[in-house]
Amino acid sequence: MTSQVLVIGEALIDIVETAGGDRELVGGSPANVAVGLARQGHDVTLLTRLGRDDRGARIAAQVEESGAVVADESWTDAGTSTARARLRADGSAEYEFAIDWSIALPPLGEAAAVHTGSIALFLEPGGTTALEVLQSAAGRALVTLDPNIRPALVGAHEVALARFVAAARTADLVKLSDEDAHWLYPGLDPEEVLAEIASHGPRIAVMTRGGDGAIGLGPGGIAEVSAFSVEVADTIGAGDAYMASLISSALDDEAVFTSASVFGAALRRAAMMAAITVSRPGANPPTRAEVDAAL
């Protein structure tokens, strides 16, 4: 099913340090979500910030090859943003960012869904604009959110938490990682975190836990799903693939918000989409056909 989706957020080049030298890959959490949604067959526009340089051209080419569109307003004379990724022994990554984030308030048009999060929600001046878009979209479109916390960029804890809560109040669906949850709500267990998020209004809240699977609060209460066992190339883009799959499931069938079985199936599908993504290098989410074949 094709649905119009507006994704707002950073697109950048991941400079991945390896034993054989640096490797540059297209990344940025919202850009990865846009690609993942397009590969699930949705009509996606990405509003981001790209330099008119070789890196910006590479990002635009990959986004557009997936079937998504880069909004014209995304282009700037500033350089394209980068994130230097250092892989840990378990394949996870830590990042050092060089990013500039400023966007104009976009028209919502006929968007069926609006997604943002990550650096785009917290880094000013664009963070305020991203929040205003969510507030404008609430009640008119499906609103989804992934905080994807980058502690070095989101500012003081109390400020970042207030921004997250303001965004969550507009959202129908929130996905976050266990690392995000620990940073935002230290001392709370997963079910307490999900309940706290749901208290602000989201109908579904999901926490991913890497190899330990995911836990969600939705119709029928708490649901858990195990991770699929795969050989991990790296974990870059895993959470973004999971987010894209959840959005896609919500657009495909609104019963994800009312049926425990449909919600559980959406969690399982998202787990498979993430598993396929981690089985290959970089943020390279699968197509709908690949996920269907694997389930």
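This is a predicted model: local features need pLDDT of at least 70, side-chain atom pairs count only at pLDDT 80 or more; totals for chains, interfaces and linings use all residues.
Trainee: Hi! Let's begin with rings. How many aromatic pairs does the structure hold?

Mentor: Hello! The structure holds 1 aromatic pair. The rings of F164 and Y185 have centres 6.5 Å apart and planes at 70°, so this pair is edge-to-face.

Trainee: Why does 70° make the pair edge-to-face?

Mentor: Planes over 60 degrees apart count as edge-to-face, and the planes of F164 and Y185 are at 70°.

Trainee: Got it. Where do F164 and Y185 lie?

Mentor: F164 is in helix 5, which covers residues 157–168. Y185 is in the loop between helix 6 (178–184) and helix 7 (190–198). The pair therefore ties together parts that are 21 residues apart in sequence.

Trainee: And are F164 and Y185 buried or exposed?

Mentor: F164 is buried, and Y185 is buried as well.

Trainee: What lies over the face of F257?

Mentor: That's R203, at 3.8 Å from the ring centre of F257.

Trainee: Back to helix 7 for a moment. What can you tell me about L194?

Mentor: L194 lies in helix 7, and it counts as buried because its relative accessibility is 0%.

Trainee: Which residues does L194 touch, apart from those up to four places away in sequence?

Mentor: The list is A205, V206, M207, I215, G216, L217 and I222.

Trainee: Where is S199 found?

Mentor: S199 is in the loop between helix 7 and strand 13, which spans 204–208. With 53% relative accessibility, S199 counts as exposed.

Trainee: How far is S199 from R169?

Mentor: Their C-alpha atoms are separated by 8.8 Å, and the residues are 30 apart along the chain.

Trainee: New topic: pockets. What volume does the second largest pocket have?

Mentor: About 240 Å³. The lining of the second largest pocket is made up of 14 residues, and L6, T45, P107, L108 and A111 lie nearest its centre.

Trainee: Which elements give two or more residues to that lining?

Mentor: Strand 1 (4–8) and strand 4 (43–47) do.

Trainee: How does the lining of the second largest pocket split by class?

Mentor: It has 8 nonpolar, 3 polar and 3 charged residues.

Trainee: How far is L46 from E94?

Mentor: Those residues are 48 apart along the chain, and their C-alpha atoms are separated by 25 Å.

Trainee: Now the backbone. What counts as usual there?

Mentor: Most residues other than glycine have a negative phi, and most peptide bonds are trans.

Trainee: Which peptide bond is cis here?

Mentor: The bond from E124 to P125 is cis, with omega near 5°. P125 sits in the loop between helix 3 (119–122) and helix 4 (126–137).

Trainee: And what is the phi of S118?

Mentor: Phi of S118 is near 60°, a positive value in a residue other than glycine. S118 lies in the loop between strand 10 (113–117) and helix 3, and it is buried, with a relative accessible area of 2%.

Trainee: What about the phi of N148?

Mentor: N148 is not a glycine either, yet its phi is positive, at about 40°. N148 has its place in the loop between strand 11 (142–146) and helix 5.

Trainee: Why does N148 count as buried?

Mentor: Buried means under 20% relative accessible area, and N148 has 14% relative accessibility, so it counts as buried.

Terms used: Residues are numbered from 1 along each chain as its sequence is written. Side-chain values use heavy atoms; hydrogens and water are left out. Rings of Phe, Tyr and Trp (its six-membered ring) pair if their centres lie within 6.5 Å; planes under 30 degrees apart count as stacked, over 60 as edge-to-face and the rest as tilted. Helices (H or I, at least four residues) and strands (E, at least two) are DSSP runs, numbered from the N terminus. Buried means under 20% relative accessible area, exposed over 50%, partly exposed in between (1.4 Å probe, protein chains only). A charge sits over a ring if NZ of Lys or CZ of Arg is within 6 Å of the ring centre and within 35 degrees of the ring normal. Contact means heavy atoms within 4.5 Å. On a 1 Å grid over the protein atoms alone, a cavity is a set of points where a 1.4 Å probe fits but cannot get out, and a pocket is an open set with protein on both sides within 12 Å along at least five of seven lines; lining residues have an atom within 4 Å of a point. Grid points are joined across faces, edges and corners, and a volume is the space filled by probe spheres set on the points. Ala, Val, Leu, Ile, Met, Phe, Trp, Tyr, Cys and Pro count as nonpolar, Asp, Glu, Lys and Arg as charged, and the others, Gly among them, as polar.
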